[in-house]
Amino acid sequence: MASRTSSRGRNAARPRVAAASGAPSASLSRAQKLEVYYYMRLTRSLEERLVNLYRQTKVIGGLFRSLGQEADAVGSAYALDRTKGDFLSPLIRNLGSMLVQGAEPLEIIRQYMAKGDSPTRGRELNIHFGDLERGFIGQISHLGDMVPVMAGVTLSFKLRGQNRVGLVYVGDGATSTGAFHEGINFAAVQRCPLVVVVENNGYAYSTPITKQTAAAEFRDKALAYGIPGEQADGNDVLATYDVTKRAVERARRGEGVTLIELITYRRKGHAEHDNQSYVPEGEIAQWEATNDPVDRYVARLTGEDGVKPNELAELDARVQREIDAATDEAEKSPMPEPADALTGVYADPPSVEPLWYRSGVSSAVAANERPASWGTFNG
Amino acid sequence: MAETTYLEAIRQALFEEMDRDPNVFVLGEDIGAYGGAFKVTDGLLAKYGESRVIDTPISEAAIVGAAAGAAHMGMRPVCEMQFIDFISCAYDMLTNYVATARYRAFLPCPLVVRGPSGGYVRGGPFHSQNPEAAFLHTPGLKIVYPSTASDAYGLLKAAIRDDDPVLYFEHKYLYRRIKEELPTGDHVVPIGKARLAREGKDLSIITYAATVWKALEAAEQLEKEDGLSVEVLDLRSLLPMDDEAIMATVKKTNRVMIVHEDTRTGGVAGEVTARITEQAFAFLDAPILRVTAADVPLPYSPPLEDYVLPQTSDIVSVARQLAAY
């Protein structure tokens, strides 16, 4: 029996609806469409560079890939309006979303290399970082937790009468958590201007979606929350943009939360160490051969949109130059100063006291000795 | 001036802080139209409306998570746990998300989680808890637990104004049982400072929350019956903890006992003891002794609850042993 992942994959390979005229993407300019390509290519190439650095043991922790998911990450984030102060909270396979929102390759490489001048000063790993100015909030590892947090971010937009929208990404696995349920329900009741994107990439670590949920489709979960549930081909970047753009505009009009299921496929393991032994034979190869989001977008651009191959080659070259420069710069970055670890737990006090044996005191007892002349003990 | 109960002091602080700062809002279960299970938030909805007094679904994780998101954006949310026992449903949000936000991501997270805590009220295992020790172990959080109406008022103001997340435990046994005239003016009690509840020279009782009153009762009895002069230190802030005040009383009386209503193993008393042995061991004339609840879930029936929780007679008995050591 074919797994649901595979059967859905085949469906996903053929978009059910061709990009209709009147679709939001129909009004994207040529320059914008090329910008979307740039971000997809940057995502893929940057991760390829990180693999090289990982193999050279320059990446300290695990490496998480989004190979095959670049369209869903970039297309959905591109639907936000950065000039209006829209916000997103990415998940581990949303490097592309963060790049769209303004994260820079240099920051990403420094994060992975645990450098002292990385966005978190070496405190957190990989793409776990954020920036309130640019409008993204770093995830934590506990899946589903960012849904309540983004409910609160968008609640603040509503309370202050701001015309801003938030987008939060979860995977198929995170939909099983209590935090996902509590957060989306809270946001739905409050009619927060929030878009919840469920990236269905077939697997949560090694667990296939058939073991994650008995629901026929993830979008069906929206019904129970009283919100619209949409679904789109996550490997078609313009379809992803369209479905998200509609949800963003709904949210901006004050019509509340939308759940979007984007169907895609995780071609690499959970992290670089994962050999994917649990994946049925041929499944990855099939997606790679027939449903690569970058290939599909290139075909679209060079076909219908009349983009010349050399224009794309120029963008590819620009991406390589930027990644090379960022790598050189990151390699020169210092590691953190050890004592920086004690700062910034609180606003007040700004720094934690060093442990006495790390602060030049020879003996805790000597430092606190009762004076010989002192005492009340008379037993 | 009229006397204000502990509960009214909390409510008054909420009103004043919501008046003072439009970024302050409250959210929790049944806190709006109903005014909260104990009526702490009574009247807030009428004055501030549904946008600043939010009745939420039964979702403690979402309450805290949404508060965190709003706090990142510059709001000052005050979350109510209907009973503090339910804070465990938000444990992940508090320990993994909220407590780490500033450190790992430089995200400000100025929120307050408050709720009715503690026993002596026949509430049984799930309406009587003192979960402070579960959070004492979490860098990034602050924890306060007032015992007087003035401190309830002043510490809530401090908690709301603090730039970091604060857990504010309020003792439901004290809600309507104690009252006093509140200090006038903008009375803000600094977080991290203990309060000397009674001066003495023979031995020290270090405690907080409802057992402050039991310690004071015991001190009276010990003075009358044994001629002992007992000092009582009310910690009122557990995180950060006022080491200076703790060591000052240790160095003054040289005999110390720690009293708390929470269970014994892994409780706050163990932490206080460790700090004293590291910072003032040579000043001790006797071992540090603990009076706490027994290590059991808190039972409902009065004879059982009374047996498990620390009573004034327990404090008196242990104090006598300490004095005689």
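**View 1. The open five-strand sheet of chain B.** In this predicted model, for which local features need pLDDT of at least 70, side-chain atom pairs count only at pLDDT 80 or more, and totals for chains, interfaces and linings use all residues, the sheet runs in the order β9-β11-β10-β13-β14 with mixed pairing, where two strands pair if DSSP finds at least two bridges between them and strands are DSSP runs (E, at least two residues), as helices are (H or I, at least four), numbered from the N terminus. Because β9 (195-198) and β14 (289-293) of chain B stand at the edges with a single partner strand each, one side of each is left without a neighbour in the sheet. Residues are numbered from 1 along each chain as its sequence is written, and chains are lettered from A and ligands numbered from 1 in the order in which they are written.

**View 2. The pairing of β13 with β14 in chain B.** Strand β13 (residues 256-263) of chain B runs parallel to β14(B) over four bridges, and B:I258 has B:R290 in β14(B) as its bridge partner.

**View 3. Helices α3 and α4 of chain B.** The axes of α3 (residues 60-72) and α4 (residues 91-98) of chain B lie 8 Å apart at an angle of about 25 degrees, the axes being lines fitted to C-alpha atoms over the stretch in contact and the angles running from 0 to 180 degrees between N-to-C directions. α3(B) is therefore roughly parallel to α4(B), a term for angles under 35 degrees. B:A61, B:V64, B:G65 and B:A68 of α3(B) meet B:D92, B:M93, B:L94, B:Y97 and B:V98 of α4(B), contact requiring C-beta atoms, placed from the backbone, within 7 Å.

Terms used:
Parallel < 35°, antiparallel > 145°, perpendicular 65-115°, else oblique. Contact = placed C-beta atoms within 7 Å.
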